Amino acid sequence: MQIEVAYARPDKQQIVPVKVPEGATALEAVKLSGIVDIFPEIEPDTIDMGVFGKVIKDPASHELREGDRVELYRPLKIDPKQARLNRAKKKA
């Protein structure tokens, strides 16, 4: 089964195509993809993941389907609500 694993930093983005067996989970796909070799800061067991923009609550049990793209999410630097509040204060 063919899927993709994607990760992006401000300076570098990578989508890695990978073949996984039927019934493979999102976590297994990330480990099989070798994306950790490209981005050593990724901790597959703790990083937030999603499939096509929808967050996966338990990547170790989420079974993938043909053509899925597993996305790895970096932690937010600032809460979005706080960022909006900061922008509103600047305009005032």
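This is a predicted model: local features need pLDDT of at least 70, side-chain atom pairs count only at pLDDT 80 or more; totals for chains, interfaces and linings use all residues.

Reader: Which residues of helix α1 are buried, and why do they line one face of the helix?

Author: An α-helix has 3.6 residues a turn, so residues three or four places apart point the same way. Seen down the axis of α1, the buried residues fall within an arc of 160°, so they line one face of the helix. In this helix, which spans residues 26-33, the buried residues are Ala-26, Leu-27, Ala-29, Val-30 and Ser-33.

Reader: What covers the buried residues of α1?

Author: The cover includes a helix, α2 (35-38). It also includes strands, and these are β1 (2-8), β2 (13-19), β3 (48-51), β4 (54-56) and β5 (69-73).

Reader: Is Thr-25 buried or exposed, and which residues does Thr-25 touch?

Author: Thr-25 sits in the loop between β2 and α1. A residue counts as buried under 20% relative accessible area, and Thr-25 is therefore buried, at 8% relative accessibility. Leaving aside residues up to four places away in sequence, the contacts of Thr-25 are Pro-59, Ala-60, Ser-61, His-62, Glu-63 and Leu-64.

Reader: What separates the C-alpha atoms of Thr-25 and Val-55?

Author: Thr-25 belongs to the loop between β2 and α1, and Val-55 is 30 residues apart from Thr-25 along the chain.

Reader: Where is Phe-39 found, and which residues does Phe-39 touch?

Author: Phe-39 is found in the loop between α2 and β3, and with a relative accessible area of 0% this residue is buried. Its C-alpha lies 22 Å from that of Ala-24, although the two residues are 15 apart in sequence. Not counting residues up to four places away in sequence, Phe-39 touches Tyr-7, Arg-9, Lys-12, Gln-13 and Gln-14.

Reader: Is Phe-52 buried, exposed or partly exposed?

Author: Phe-52 lies in the loop between β3 and β4, and this residue has a positive phi of about 50° although it is not a glycine. Exposed means over 50% relative accessible area and buried means under 20%. At 46%, Phe-52 therefore counts as partly exposed.

Reader: In what order do the elements of the chain run from the N terminus on?

Author: The secondary structure comes to three helices and five strands. From the N terminus on, their order is β-β-α-α-β-β-β-α.

Reader: What radius of gyration does the chain have, against that of a compact globule of 92 residues?

Author: Taken along the principal axes, the C-alpha atoms fill a box of roughly 55 × 25 × 20 Å. A compact globule of 92 residues would have a radius of gyration near 12 Å, whereas the chain has 16 Å.

Reader: What share of the 92 residues is buried?

Author: The accessible surface of the chain comes to about 6400 Å², and carbon and sulfur atoms hold 53% of that surface. Among contacts with a separation of 6 or more, residues 24 or more positions apart account for 49%. Of the 92 residues, the buried share is 34%.

Reader: How far apart do the centres of the positive and negative side chains lie?

Author: The chain has 16 positive and 15 negative side chains. The distance between the centres of these two sets is 14 Å.

Key:
Residues are numbered from 1 along each chain as its sequence is written. Side-chain values use heavy atoms; hydrogens and water are left out. Buried means under 20% relative accessible area, exposed over 50%, partly exposed in between (1.4 Å probe, protein chains only). Helices (H or I, at least four residues) and strands (E, at least two) are DSSP runs, numbered from the N terminus. The arc is that of the directions from the helix axis to the C-beta atoms. Contact means heavy atoms within 4.5 Å. The radius of gyration is taken over C-alpha atoms; the globule rule is 2.2 Å times the number of residues to the power 0.38. Accessible areas come from the Shrake-Rupley method with a 1.4 Å probe; for residues, only the protein chains shown count as cover. Lys and Arg count as positive and Asp and Glu as negative; His and the chain ends are not counted. The place of a charge is taken as NZ of Lys, CZ of Arg, CG of Asp or CD of Glu.
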